[in-house]
Amino acid sequence: QVQLVESGGGLVQPGGSLRLSCAASGFTLSFSSYVLSWFRQAPGKEREWVAHIRGATDSANYVDSVTGRFTISRDNAKNMVYLQMNNLKPEDTAVYYCRGYVPGRTSTYWGQGTQVTVSS
């Protein structure tokens, strides 16, 4: 059974940092086959894509609003993906979700989410 479990959320002041982690288990293919993404959903808003990272090349892409502040990374040996978030802003407040999928395949896997609150 595939599981993605996020952790590392919490309450932080504007300008602060957090590091989110996502632990994956039960994948049927090599972990490096999966494109791993972070999404977020703020209250009353639709879920939005934040960043993703490919397994073979570690190439990453970000939504414009977090470029230069967030960094996505992965550790294929540990089946982990991370999101380092710096210079956090109140508008970053949301539930953050981890997602994994293999290009060309239909299955997509989601974690349960972790709350990030940026407030003074």
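Start by selecting Glu 6, which sits in strand β1 (residues 3-7); strands here are DSSP E runs of at least two residues, numbered from the N terminus along with the helices (H or I, at least four). Before going further, note that this is a predicted model, where local features need pLDDT of at least 70, side-chain atom pairs count only at pLDDT 80 or more, and totals for chains, interfaces and linings use all residues. Residues are numbered from 1 along each chain as its sequence is written, and side-chain values use heavy atoms, with hydrogens and water left out.

**Stop 1: Glu 6**

Glu 6 is buried and has no salt bridge. Buried means under 20% relative accessible area, exposed means over 50%, and partly exposed is in between, using a 1.4 Å probe and protein chains only. A salt bridge needs a side-chain nitrogen of Lys or Arg within 4 Å of a carboxyl oxygen of Asp or Glu. Show Arg 47 too: that is the nearest side chain of opposite charge, and it is 7.4 Å away.

Then pick the backbone nitrogen of Gln 112, which lies 3.0 Å from a polar atom of the Glu 6 side chain. Both are listed as polar contacts, meaning N or O pairs within 3.5 Å; within protein, one atom must be able to donate a hydrogen and the other to accept it, and residues adjacent in sequence count only if both atoms are side-chain atoms.

For the surroundings, leave aside neighbours within four places in sequence and show the contacts of Glu 6, among them Ser 21, Cys 22, Trp 38, Tyr 96 and Thr 114. Contact here means heavy atoms within 4.5 Å.

**Stop 2: the four-stranded sheet**

Now zoom out to the sheet that contains β1. Its 4 strands form an open sheet in the order β1-β3-β8-β7, with antiparallel pairing. β1 and β7 are the edge strands, each with a single partner, so one side of each has no neighbour in the sheet. From one strand to the next, the twist averages 15°; axes are lines fitted to C-alpha atoms (for helices, over the stretch in contact), and angles run from 0 to 180 degrees between N-to-C directions.

Select strand β3 (residues 18-25) next: 6 bridges join it to β8, and the two run antiparallel. Two strands pair if DSSP finds at least two bridges between them.

Carry on to β7 (residues 70-75), which pairs with β8 (residues 80-85) in the antiparallel sense over 6 bridges. Here Asp 75 has Met 80 as its bridge partner. Which residues of β7 are on its covered face? Colour Phe 70, Ile 72 and Arg 74 for that one, and Thr 71, Ser 73 and Asp 75 for the uncovered face.

**Stop 3: two asparagines with positive phi**

The β7-β8 hairpin has 4 residues between its strands, and Asn 79 takes a positive phi near 55° there. Asn 79 counts as partly exposed, at 27% relative accessibility. Then jump to Asn 87 in the loop between β8 and β9, where phi is near 50°, again a positive value in a residue other than glycine. Asn 87 is partly exposed as well, with a relative accessible area of 42%.

**Stop 4: His 52**

Select His 52 in strand β5 (residues 48-53). Its relative accessibility is 17%, so it counts as buried. The side chains of His 52 and Arg 54 are joined by a polar contact of 3.2 Å. Not counting residues up to four places away in sequence, His 52 touches several others, including Val 35, Ser 59 and Ile 72.

**Stop 5: the salt-bridge network**

How many salt bridges are there? The count comes to 3. Select Arg 40, Glu 48, Arg 69 and Asp 92 together, as they are linked in a network of salt bridges.

Arg 40 meets Glu 48, with the closest N and O atoms 2.6 Å apart. Arg 40 is buried, with a relative accessible area of 6%, while Glu 48 is partly exposed at 31%. Arg 40 also bridges to Asp 92 at 2.9 Å between the closest N and O atoms. Arg 40 lies in strand β4 (residues 35-41) and Asp 92 in the loop between β8 and β9 (94-101), so this pair ties together parts that are 52 residues apart in sequence.

Finish on Arg 69 and Asp 92, whose side chains meet at 2.7 Å, N to O. Arg 69 is in the loop between β6 (60-62) and β7, 23 residues from Asp 92. Both ends are buried: Arg 69 at 9% relative accessibility, and Asp 92 with a relative accessible area of 1%.

Methods. Lys and Arg count as positive and Asp and Glu as negative; His and the chain ends are not counted.
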